[in-house]
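Visitor: I am new to reading protein models. Please take me through one, feature by feature.

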Amino acid sequence: AQEAAANGPQDEVGLDEFAAAHSQGAYVLDVREADEVAGGRVPGAVHMPMNDVPARVAELPQDQPVFVICQAGGRSRQVVDHLRAQGIAAINVAGGTGGWAQRGWPLEA
């Protein structure tokens with residue numbers, strides 16, 4: 001990962017900050033595999049498997065932050081670094097979908 005990406009504006013949030021942004025209609029990108037997403041995802045999340053992201057960057061909004069979520073925060077961290085290098089204001093969701101579900105927050109199929 002590039003040094004500049006780590007030192008830029010806030011590039012990671014915890015679940016509480018994410019929930020606040022989500023309630024305001026934030027763009028959420030779920031980079032887990034299809035079988036994981038089938039078990040439930042954060043409501044409104046756009047599914048794009050991690051390995052598909054580089055070829056599909058053009059589908060992502062350029063004018064707002066993109067909150068990237070996986071199961072725990074590891075894969076999304078890698079995706080955030082890649083997207084920030086492409087000039088997208090990506091933000092990692094620490095805790096991931098697993099943390100969201102553990103709090104009893106709703107998931108959608």
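Guide: Start with two terms. Contact means heavy atoms within 4.5 Å. Helices (H or I, at least four residues) and strands (E, at least two) are DSSP runs, numbered from the N terminus. Now a case. Ala19 lies in helix α2. Not counting residues up to four places away in sequence, Ala19 touches Trp100 and Trp105. By contrast, the C-alpha atoms of Ala19 and Asp63 are separated by 20 Å, and these residues are 44 apart along the chain.

Visitor: What sort of model is this?

Guide: This is a predicted model: local features need pLDDT of at least 70, side-chain atom pairs count only at pLDDT 80 or more, and totals for chains, interfaces and linings use all residues. Residues are numbered from 1 along each chain as its sequence is written, and side-chain values use heavy atoms, with hydrogens and water left out.

Visitor: How many helices and strands are in the chain?

Guide: The chain has 6 helices and 5 strands. Along the sequence they follow the pattern α-β-α-β-α-β-α-β-α-β-α. The radius of gyration is 13 Å, close to the 13 Å that the globule rule gives for 109 residues, so the chain is as compact as a globular protein of that length. That radius is taken over C-alpha atoms, and the rule is 2.2 Å times the number of residues to the power 0.38. Along the principal axes, the C-alpha atoms fill a box of roughly 35 × 25 × 25 Å.

Visitor: Which residues of helix α2 are buried?

Guide: Helix α2 covers residues 15-23, and its buried residues are Leu15, Phe18, Ala19, Ala21 and His22. They span an arc of only 165 degrees around the axis, which puts them on the same side of α2. The arc is that of the directions from the helix axis to the C-beta atoms. Here is the general idea. An α-helix has 3.6 residues a turn, so residues three or four places apart point the same way. On the other side of α2, Asp16 and Ser23 are exposed.

Visitor: What do the buried residues of α2 pack against?

Guide: They pack against β1 (12-13), β2 (27-30), β4 (66-69), β5 (90-93) and α6 (96-102). After α2 comes Gly25, with a positive phi near 90 degrees.

Visitor: How do I read strand pairing?

Guide: Count bridges. Two strands pair if DSSP finds at least two bridges between them. Strands β2 and β4 pair in the parallel sense over 4 bridges. Leu29 has Val68 as its bridge partner in β4. Strand β3 (residues 46-47) runs parallel to β2, joined by 2 bridges. There, His47 is the bridge partner of Asp30.

Visitor: Which way do the residues of β2 point?

Guide: Tyr27 and Leu29 point one way, Val28 and Asp30 the other, and all are buried.

Visitor: Is Val68 buried or exposed?

Guide: Val68 counts as buried because its relative accessibility is 0%. Leaving aside neighbours within four places in sequence, its contacts include Leu29, Val31, Val79, Leu83 and Ile91. Val68 and Val79 are 11 residues apart in sequence, and 7.4 Å apart in space, C-alpha to C-alpha.

Visitor: What share of the contacts links residues 24 or more positions apart?

Guide: Among contacts with a separation of 6 or more, such pairs account for 66%.

Key:
Buried means under 20% relative accessible area, exposed over 50%, partly exposed in between (1.4 Å probe, protein chains only).
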